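User: I have a chain open here and want to go through it with you. Can you start with the terms and then take my questions?

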Amino acid sequence: MTGSRILVTLTLLAAIVAVSACGRRGALDTPYEAAVQARKDASKAHQPVPPEPEKPVEDKKFLLDPLI
């Protein structure tokens, strides 16, 4: 009985460690930054360049923004 509990516990710990190691470290890119980077990568690789991305619109202030 104790042997199977130890095995289950070790298996769960291994699964938790494996899942916790997944993901991306660092800040995420905005869609605009990703499109700009895709253009740079395509031009370096001598492939067709995607269309020029539109600059994002300046964020508008909202009445409840200070609450956040």
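Analyst: Helices (H or I, at least four residues) and strands (E, at least two) are DSSP runs, numbered from the N terminus. This is a predicted model, in which local features need pLDDT of at least 70 and side-chain atom pairs count only at pLDDT 80 or more, while totals for chains, interfaces and linings use all residues. Residues are numbered from 1 along each chain as its sequence is written, and side-chain values use heavy atoms, with hydrogens and water left out.

User: Where is Tyr32 found?

Analyst: Tyr32 is in helix 2, which covers residues 31–44.

User: What does Tyr32 contact, neighbours within four places aside?

Analyst: Tyr32 is in contact (heavy atoms within 4.5 Å) with Pro53, Glu54, Lys55 and Pro56, once neighbours within four places in sequence are set aside.

User: What does the C-alpha trace span along its principal axes?

Analyst: About 65 × 45 × 15 Å. Of the 68 residues, 3% count as buried.

User: How many salt bridges does a search of the whole structure find?

Analyst: One. A salt bridge here is a side-chain nitrogen of Lys or Arg within 4 Å of a carboxyl oxygen of Asp or Glu. The side chains of Arg39 and Glu52 form it, at 3.3 Å from N to O. The pair links distant parts of the chain, 13 residues apart: Arg39 is in helix 2 and Glu52 in the segment after helix 2.

User: Why do such side chains pair at all?

Analyst: Side chains of opposite charge can pair when their charged atoms come close.

User: Are those two residues buried or exposed?

Analyst: Arg39 is partly exposed because its relative accessibility is 23%. Glu52 is exposed, with a relative accessible area of 55%.

User: Last one: where does Leu64 lie?

Analyst: Leu64 lies in the segment after helix 2. At 44% relative accessibility, Leu64 counts as partly exposed. The C-alpha atoms of Leu64 and Glu54 are 28 Å apart, with the two residues 10 apart along the chain.

Definitions and conventions: Buried means under 20% relative accessible area, exposed over 50%, partly exposed in between (1.4 Å probe, protein chains only).
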